[in-house]
Amino acid sequence: MFTERTGGSDLAALEASATPDGQAWSLTGLKWFASNANGSAFVVLARLPSGDVAPFLVLWERRDGARNAVRIRRLKDKLGTRSVASAEVEFTGAEAFLLAGSGSGSGLGTMMKLTNASRLGVAMMGLGVARRALVESLCYASAREAFGRRLIDQPLMRRKLASSSLEVEAVQALVFDGHLGPRLRLAPALVKLRAARLGVHAASDAIEVHGGNGYIEQWPVARLLRDAQVNPIWEGGDNILCLDVRRAMLKEAAHEPFLERLAAAVEQARPGSGDLVRGRIDDLRKAITVCLARPCPRRRRGCIRWPSSWRTSTRRLCLLEQAGWEQRSGHGDRKALFARASTPTPTWPTTARCAALDRPAEDLGPLRRPCRGSRHALIWAGAVLS
């Protein structure tokens with residue numbers, strides 16, 4: 001529990017306090033927004049007598065079996081995630097246990113480990129919303145007819161669905177790498193930044209695909225959009241994540257292992273498929289060197305662009321790496337198609353999120369499907385959606 005009446009991300013304004021009480025601690029304070037308020041255990045941030053901030057474990061019951069001094073003051077009437085109880089929680093001398101000290105590192109370090117793990121969970125929720133929204137869109141477009149054809153057969157709708165499929169597949173590779181790949185300091189912030197925002201965009205696109213039906217609560221996509229809105233807020237908004245990335249780069253040089261991870265992913269890709277992305281890694285390294293050499297105010301203003309650029313390169317590299325594994329294992333070319341569609345080429349270098357959808361048909365290479373001379377996005381869209 002972070003958020004108090006004075007704010008959530010600004011730890012300097014934290015009011016909850018804890019004092020030693022025998023083998024435990026006595027915690028007092030009010031948390032303004034606490035999710036899963038009906039849980040049996042809470043991790044609560046509070047200020048130590050020394051002024052430092054540390055996380056504490058607070059159980060619903062005390063060690064002697066009596067009820068702990070935890071009181072639910074009011075349930076929150078929220079926009080979404082209404083199936084998860086969120087409330088104002090007050091602690092009045094509650095028994096608490098310090099989650100820092102000998103063998104566990106500093107309080108702030110422990111808190112960041114817990115926060116990064118939670119960020120990956122939020123990223124998975126954003127991805128889950130995006131995939132559900134895509135499935136609902138594909139099913140609806142396959143059944144709904146307009147202008148004498150199914151929606152999925154309409155050129156612009158087909159391109160929209162193909163673009164969404166590519167984006168979801170790329171972010172899925174990014175999220176899975178965050179969970180199963182090396183534990184990097186920067187990865188949770190970058191993964192959560194992209195996946196949480198994708199959930200909102202995908203749910204909004206699903207409502208558009210459904211038209212007026214999507215705006216009615218009888219269809220599931222309205223709830224998807226309401227539930228997705230909280231993911232960019234949970235565990236830090238976009239600006240907080242960007243500042244966290246900047247702080248980790250300055251104090252821990254956390255960008256170095258991250259860039260090494262990107263370079264390792266390129267080596268796992270199919271020969272020749274990651275050449276341009278490899279050059280992008282070199283460009284990122286040079287840009288970071290220049291930005292870190294700037295005075296602090298300019299460096300702070302520029303930090304918002306770093307995660308955006310990194311997450312684009314990272315998801316492409318994760319797709320390329322997974323495509324290489326899929327082909328070496330004999331599981332087909334599905335990932336390769338998505339990787340090819342999301343990666344720029346020398347003749348089509350672009351910043352668009354799904355650049356290949358607008359390339360000529362000849363760029364499909366060995367993945368090209370039989371067609372009747374069509375040279376536009378429908379070829380890519382047909383390959384992806386099939």
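This is a predicted model: local features need pLDDT of at least 70, side-chain atom pairs count only at pLDDT 80 or more; totals for chains, interfaces and linings use all residues.

Residues are numbered from 1 along each chain as its sequence is written, and side-chain values use heavy atoms, with hydrogens and water left out.

**Exercise 1.** Describe the salt bridge between Glu136 and Arg132, and state how buried each partner is.

Solution. Begin with the rule: a salt bridge is a side-chain nitrogen of Lys or Arg within 4 Å of a carboxyl oxygen of Asp or Glu. The closest N and O atoms of Glu136 and Arg132 are 2.8 Å apart, and the two residues form a salt bridge. (Helices are DSSP runs of H or I with at least four residues, numbered from the N terminus.) Finally, consider accessibility, where buried means under 20% relative accessible area, exposed over 50%, and partly exposed in between, with a 1.4 Å probe and protein chains only. Glu136 counts as buried because its relative accessibility is 18%, whereas Arg132, at 41%, is partly exposed.

**Exercise 2.** Explain what the salt bridge between Lys335 and Glu169 ties together.

Solution. The side chains of Lys335 and Glu169 meet in a salt bridge of 2.9 Å, taken from N to O. Lys335 lies in helix H10 (residues 334-342) and Glu169 in helix H2, so the pair ties together parts that are 166 residues apart in sequence. Lys335 counts as buried at 11% relative accessibility, and Glu169 is buried with a relative accessible area of 2%.

**Exercise 3.** Find which helix gives the most to the lining of the largest cavity.

Solution. On a 1 Å grid over the protein atoms alone, a cavity is a set of points where a 1.4 Å probe fits but cannot get out, and lining residues have an atom within 4 Å of a point. The largest cavity holds about 140 Å³ of space. Of the 16 residues that line the largest cavity, the closest to its centre are Leu174, Asp177, Ala187, Phe258 and Thr314. Helices H2 (155-180), H3 (187-210), H6 (255-268) and H9 (305-328) each supply at least two lining residues, and H9 gives the most, with five residues.

Conventions
On a 1 Å grid over the protein atoms alone, a cavity is a set of points where a 1.4 Å probe fits but cannot get out, and a pocket is an open set with protein on both sides within 12 Å along at least five of seven lines; lining residues have an atom within 4 Å of a point. Grid points are joined across faces, edges and corners, and a volume is the space filled by probe spheres set on the points.
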